[in-house]
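This report describes a protein chain for a reader who is new to structural work. Please keep the sequence and the structure in view while reading.

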Amino acid sequence: MTNVPEGDLKIFLPSCDSLTSQETVQLYDSCADSYEQSFHMMSYNAPQLAVDFLNAHFLPSREDALVLDVACGSGLVAKLMSELGFKLFVGVDGSKGMLEQAGVTGLYQDLRLALLGKQPLPAQPGRFDVVIIVGALGVGFAPVSIIRELCQAAKPGGYVCMARGQHTGPAASRYQQVLEEELQRMEEEGLWRRAGVQLTDRYMKEPPSVCGKEQSHFISGCVYLYQKTPDP
């Protein structure tokens, strides 16, 4: 495997840099060609964890299920889901470079460019059997406000699957607090029900040079799964 520049690895580490969402997109554009190499170097387990957890709870036909892959990147999630029988994908990402990589997979029926939190989620409300977002819920990526848009895009009875790393630092801790409050608030409002939560202590590795640690180590993470409230 060729070496991947350290700058590429920072796309996995929103808590280590105070990037704006626009700066994050620029970084993804510049790293699109080597994104999956970075994925392997960092033992980035989030896509597999999210897809496995969703698959364990999803009962309808996978072949007929329409999936909205938000922050789809190069298509890692769609690749894993296709191996389980899912065939219909719409991808959304803020990076043109990443969407080009996703297009190479041939898995997506449609790919849409949108900067999450700055532009409306380009998805018809109530249409998707599965809405999934992996790795983009964090500082410098998608704001917590995007979660309601994810729920709106799911059809009644559909699933919303979200995976995020538990990065360290004041900004990341505050983001986590606001996220948990919003998830609970939406459940109390009757928008959805929590179908399950999975914690992991091997979400991904942080490189020692990026965040000033002495050696690379795994950080923890969480996969959330919600089911949108069916129509009465």
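Glu 182 is found in helix H8. In this predicted model, the residue has a relative accessible area of 9%, so Glu 182 is buried. Leaving aside residues up to four places away in sequence, Glu 182 touches Val 144 and Arg 148.

Arg 148 also belongs to the meeting of two helices: Ile 147, Arg 148 and Cys 151 in H7 meet Leu 179, Glu 182, Leu 183, Arg 185 and Met 186 in H8. Two packed helices are described by the angle between their axes and the distance between the axes. Here helix H7 (residues 146-153) and helix H8 (residues 170-188) have axes that come within 10 Å and cross at roughly 35°. The crossing of H7 and H8 is right-handed.

Is Ile 133 buried or exposed? Its relative accessibility is 1%, and the cut-off for a buried residue is under 20%, so Ile 133 counts as buried. The residue lies in strand S4 (residues 128-134).

Not counting residues up to four places away in sequence, Ile 133 touches Val 70, Ala 71, Leu 116, Leu 150, Cys 161, Met 162 and Ala 163. Ile 133 and Cys 72 are 61 residues apart along the chain, and their C-alpha atoms are separated by 7.4 Å.

## The backbone at Ala 71

Ala 71, one of the residues that Ile 133 touches, is found in the loop between strand S1 (66-70) and helix H5 (76-82). Most residues other than glycine have a negative phi. Ala 71, in contrast, has a positive phi, near 60°. The relative accessible area of Ala 71 is 21%, so this residue is partly exposed.

## Aromatic rings

How many aromatic pairs does the count come to? The count comes to 5 aromatic pairs. In one of them, the rings of Tyr 44 and Tyr 203 have centres 5.9 Å apart and planes at 85°; the pair is therefore edge-to-face, since an angle over 60 degrees counts as such. Tyr 44 lies in the loop between helix H3 (35-41) and helix H4 (46-57), while Tyr 203 lies in strand S6 (residues 192-206), so the pair ties together parts that are 159 residues apart in sequence. Both Tyr 44 and Tyr 203 are buried.

Other rings also take part in arrangements of interest. Phe 58, Phe 86 and Tyr 159 form one aromatic cluster. Arg 202 lies over the face of Phe 218, at 3.9 Å from the ring centre.

## The chain as a whole

The chain contains 9 helices and 7 strands. Of its 232 residues, 49% are buried. Among contacts between residues at least 6 apart in sequence, 72% join residues at least 24 apart.

## Confidence in the model

The mean pLDDT of the chain is 84, and 78% of the residues reach 70 or more. Over residues 1-17, however, the pLDDT is below 50. Beyond near neighbours in sequence, this stretch has 49 contacts in the model. Where pLDDT is low, the predicted coordinates should not be read in detail.

Technical notes: Residues are numbered from 1 along each chain as its sequence is written. This is a predicted model: local features need pLDDT of at least 70, side-chain atom pairs count only at pLDDT 80 or more; totals for chains, interfaces and linings use all residues. Side-chain values use heavy atoms; hydrogens and water are left out. pLDDT is the predictor's confidence in each residue, from 0 to 100. Contact means heavy atoms within 4.5 Å. Rings of Phe, Tyr and Trp (its six-membered ring) pair if their centres lie within 6.5 Å; planes under 30 degrees apart count as stacked, over 60 as edge-to-face and the rest as tilted. Helices (H or I, at least four residues) and strands (E, at least two) are DSSP runs, numbered from the N terminus. Buried means under 20% relative accessible area, exposed over 50%, partly exposed in between (1.4 Å probe, protein chains only). A charge sits over a ring if NZ of Lys or CZ of Arg is within 6 Å of the ring centre and within 35 degrees of the ring normal. Axes are lines fitted to C-alpha atoms, for helices over the stretch in contact, and angles run from 0 to 180 degrees between N-to-C directions. A crossing is left-handed if the near helix is turned anticlockwise from the far one by less than a right angle, and right-handed if clockwise.
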